[in-house]
Amino acid sequence: MDAISSYKEILQVYWETATGLVNACCEGLEPWQLVGLTCSSTLLAVWLHSFLFQPESLTSRIKKQFFKLLRRTPFVGAIIQKKIDEALNDVTSSLSFLKDEKDYIKALPEQGMSQPEVLQKMKEYSSKGDVRWEDGKVSGTVYSGEEKLTRLLVQVYEEFAWSNPLHPDIFPGLRKMEAEVVRIACTLFHGGPNSCGAMTSGGTESILMACKAYRDLAYERGIKHPEMLVPVSAHAAFDKAAHYFGLKMIHIPLTKTMEVDVQAMRRAISKNTAMLVCSAPQFPHGIMDPIEEVAELAVKYKIPFHVDACLGGFLIVFMEKAGFPLKHPFDFRVKGVTSISADTHKYGYAPKGSSVVLYSDKKYRSYQFFVAPDWQGGIYASPSVAGSRPGGIIAACWATLMHVGESGYVEATKRIIKTARFLEAELRKIDSIFVFGKPEVSVLSFGSDTFDIYRLSNLLAAKGWNLNVLQFPPSIHLCITQLHTKSGVAEQFLKDVRDSIEDIMKDLNAKTTGMGAIYGMAQSIPDRSLVAEISLAYLDGLYSTEVPGGEKHMNGSPGHY
């Protein structure tokens, strides 16, 4: 008791000293001044808090404001705008898909076309373009293309063309198909009896749904400003989710092996952390993040943990049976993994427009759902972003899984991984290029310390190859699909790479042109809003119905993201 009394006396002395200082400062002030000072201080504190704590970092906002002011200065702004206009003209005038010798259809035909006329027009449209993906010269994009499977999918879509899962009472068979696709995926990723999920339109929507679920869970836990910790190599869909849902994005750097830095992620965890993210594998370099190590953080700090397996999910689940076991587990067998996204329309070989998002427990999925109980049109509830959804795509996905079967997936995985390992081994033998990290799945990313890697991209494009162009650091990658396992395709790729490098080495100082030059320029621009502005011109071009003039041509491809 004596010790407590001593502490009370010490606190009393400090309290009297503090109140005496405050009273001395306020001596001579009238009551209205005290009230006004208090209100002003409170408002200032509220403004300062809202200014400092926003989804976008203070550094990023200051940088944006600086460049915005710089562009408004008379002399500098005019120079910058001139350069932007030149870049915009290059982009819009040289996109190959805008080069059309015929006029666009801009209004409904007065009289409807006959079926043969429509089919003829469709053939005309489908034959456009110079890139032939059937030859196996495209990175990713088409993952199967098998004619037998295509014919089956056409018949399935015909049967379910008018169906819509929004009406399960009208299309109960479609509901069963969707439920079975989700359950099959849960089984493949070793989900327990409480595992669950939903089908979506693609990897982006699957990622959006997981982020939305964890944001709402964070709100329920009292987190007012949710943050997600995401590797810089994770898919841009996480940035889109942050933008759409008001989440703060915390980008986590990579190690030299292109894996997420687990220690950096641990240091970034705060009371506002709503979710952790890893990739299996990540898109740019095909590297598997250290999922077990991050899962330990998720368990320790009780944070939901999402594994993005959109790209290679339907490969990695079969790799062990295909004779290529991964070094570390990645799915629901890892304690701490609470959700997984995987695209059935990639290595699941289903037609485009289907993916799954899976949860370890139904308690997480409930936060994904949307319900409007008071709508005049009735109680409205939907599992994902869309209301109506194409039942034909769901049926085609189900049919693909049934037709290919486990043995078919294992054999396809064996061919793809065998081809990837062969290509990796041969590329590593080429002195002037290097392969990033230690890829375990189907993506090989390579760069060079000897020459501008974008020159190689341009030369390969001239030989008919359509690869993905990457940045930060400069690199290009090939995503291996079933088409690359055809006889001679991998060997032809290696020959073209070697021949192209031989040409580059003859003149190392030659200027990079085309899409490579644009990517090189884009990385050197500190004002990223300028890069975004140029990208918007590309997006505008997708909806253009005007025939551009000029004969300029840009080598390379805008990419297949």
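**Helix packing and a buried lysine in a predicted model**

Helix H15 (residues 453-462) packs against helix H16 (residues 489-506) at an angle of about 125 degrees, and their axes lie 9 Å apart. This is a predicted model, in which local features need pLDDT of at least 70 and side-chain atom pairs count only at pLDDT 80 or more, while totals for chains, interfaces and linings use all residues. Residues are numbered from 1 along each chain as its sequence is written, and side-chain values use heavy atoms, with hydrogens and water left out.

**The chain as a whole**

- The chain has 18 helices and 13 strands; helices (H or I, at least four residues) and strands (E, at least two) are DSSP runs, numbered from the N terminus.
- The C-alpha trace of the chain spans about 90 × 65 × 60 Å along its principal axes.
- Of the 561 residues, 44% count as buried, that is, under 20% relative accessible area, against over 50% for exposed and in between for partly exposed (1.4 Å probe, protein chains only).
- Among contacts (heavy atoms within 4.5 Å) between residues at least 6 apart in sequence, 72% join residues at least 24 apart.

**Helices H15 and H16**

- H15 and H16 are therefore oblique to each other, since angles under 35 degrees count as roughly parallel, over 145 as roughly antiparallel, 65 to 115 as roughly perpendicular and the rest as oblique.
- Axes are lines fitted to C-alpha atoms, for helices over the stretch in contact, and angles run from 0 to 180 degrees between N-to-C directions.
- On the H15 side, the contact is made by Arg455, Leu456, Leu459 and Leu460; on the H16 side, by Phe493, Asp496, Val497, Ser500, Ile501, Asp503 and Ile504.

**Helices H6 and H14**

- The axes of helix H6 (residues 147-160) and helix H14 (residues 391-427) come within 8 Å and cross at roughly 140 degrees.
- H6 and H14 are therefore also oblique to each other.
- Residues of H6, including Leu149, Leu152 and Phe160, meet residues of H14, including Ala395, Ala399 and His403.

**Lysine 212**

- Lysine 212 is found in helix H8 (residues 203-220).
- Lysine 212 is buried, with a relative accessible area of 13%.
- The side chain of lysine 212 reaches the backbone oxygen of glutamine 368 at 3.5 Å.
- Not counting residues up to four places away in sequence, lysine 212 touches Phe245, Tyr367, Gln368 and Phe369.

Terms used
A polar contact is a pair of N or O atoms within 3.5 Å; within protein, one must be able to donate a hydrogen and the other to accept it, and residues adjacent in sequence count only if both atoms are side-chain atoms.
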